[in-house]
Amino acid sequence: MRMTTAWGTDGDSKVLRQVRLRRRNLRPDDIAVRVDYCGVCHTDVHSLDAHAEGLLVPGHEFTGVVTEVGSEVTRFTVGDPVAVGNIVDSCGVCAMCEAGQENFCREFPTLTYGGTDRHDGSTTSGGYAREYVVRDQFAYRLPAGLDPAAVAPLLCAGITVWEPLRSLGVGKGTRVAVAGLGGLGHLAVKFAVALGAETTVISRTADKTADARRLGVEDVVVSADAEQMAAARDRFDVVIDTISAPHDIGPYLGLVAVDGTLSHLGHLGPVTVRMTDLLVGRKKLTSAGSGGRPSTAAMLDFCAEHGITADVEVLPSAQVNEALDRLRRNDVRYRFVLDLSDLSGSAA
Ligand SMILES: [Zn+2]
Ligand SMILES: [Zn+2]
């Protein structure tokens, strides 16, 4: 076993404290990563709120540098900058894995934290730590020229909006609306704009209008304004709903054009659907989350080509509890990233 330092909780406390953490010794196909930056995701807040016993170390979108490679690793060498997302292993042989959709693995992919390691049955601990040990197949080359702190959120928030945009064929001339301008939403906007879509933001208030314009959108619709919502009826081929709180999806289905799609990504609890909201206009309702290895690599290539990263507020990792509290209040534009250089305990 190797030891590192992390931010975790080992009871039902919602406050993270510094803990010593064991990482496994490298298997032949593992790499050790010195974690430099880790994004703070809504899932981390939900996991903390639901946590009751055992050690929880959150964090599942991070970047860093390879410090050691297993005996069979050929894709990476010591010193390579890498990125890791929210899944770190899968069965590798089911139809989903064969199709490059490891995120939908029939045996369920191994989650970066709170998951069960497929080999030793241990519970995985996440990237709020100075070191992570990961199967090399689930690490990605960090694109040169992009800020590693601002790349980190691409590995969860980014890929979660990238896969649906691509699978829905968003490109030049597609009319896209993004509901909710937060961690997921601001990346959905950047991707949609760079893909050539005519992009609109749907926001509860007009507060974020200037920001949305800066991100390249053509229009902003204020969802609290009934007149604006009525004027936008049936207007979009694709509506990407990234709102994290439970909400009525009826008004958003109303914005979808004939044969268009509402992709509901931000809130994964039960929703009520009036079938007539789909019937009128033959509309489709879908969801997505995380991404397979091929599309994650493709997203990073696209980001390198177009200079896309997340808008981040970087904090020393010692301020992790403040970051979580502010995220609970949606007080961030648009993603917190922890700088883990204030933790000791890496091989390098
Ligand atoms: Zn996440
Ligand atoms: Zn599988």
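**A parallel strand pair and its surroundings**

Visitor: In this predicted model, how many bridges join strand β11 to strand β12?

Guide: In the predicted model, strand β11 spans residues 198-203 and strand β12 spans residues 219-222, and the two run parallel. Within this pair, S203 stands opposite V222 in β12. The number of bridges joining β11 to β12 is four.

Visitor: Why is the protein said to be as compact as a globular protein of its length?

Guide: The secondary structure comprises eleven helices and 17 strands. For 348 residues the globule rule gives 20 Å, and the protein is as compact as a globular protein of that length because its radius of gyration is close to this value, at 20 Å.

Visitor: What percentage of the residues in the protein is buried?

Guide: A residue is counted as buried if 20 or more other C-beta atoms lie within 10 Å of its own. Applied to the 348 residues of the protein, this criterion gives a buried share of 48%.

Visitor: How far apart lie the end C-alpha atoms of residues 11-338?

Guide: An unreviewed UniProt entry annotates residues 11-338 as "domain: Enoyl reductase (ER)". This span is 26% helix and 26% strand, and its end C-alpha atoms lie apart by 22 Å.

Key. Residues are numbered from 1 along each chain as its sequence is written. Chains are lettered from A and ligands numbered from 1 in the order in which they are written. This is a predicted model: local features need pLDDT of at least 70, side-chain atom pairs count only at pLDDT 80 or more; totals for chains, interfaces and linings use all residues. The radius of gyration is taken over C-alpha atoms; the globule rule is 2.2 Å times the number of residues to the power 0.38. A residue is buried if 20 or more other C-beta atoms lie within 10 Å of its own, exposed if 12 or fewer, and partly exposed in between; C-beta atoms are placed from the backbone. Two strands pair if DSSP finds at least two bridges between them. UniProt positions are given in the numbering used here, feature names are shortened, and annotations may be inferred rather than shown by experiment.
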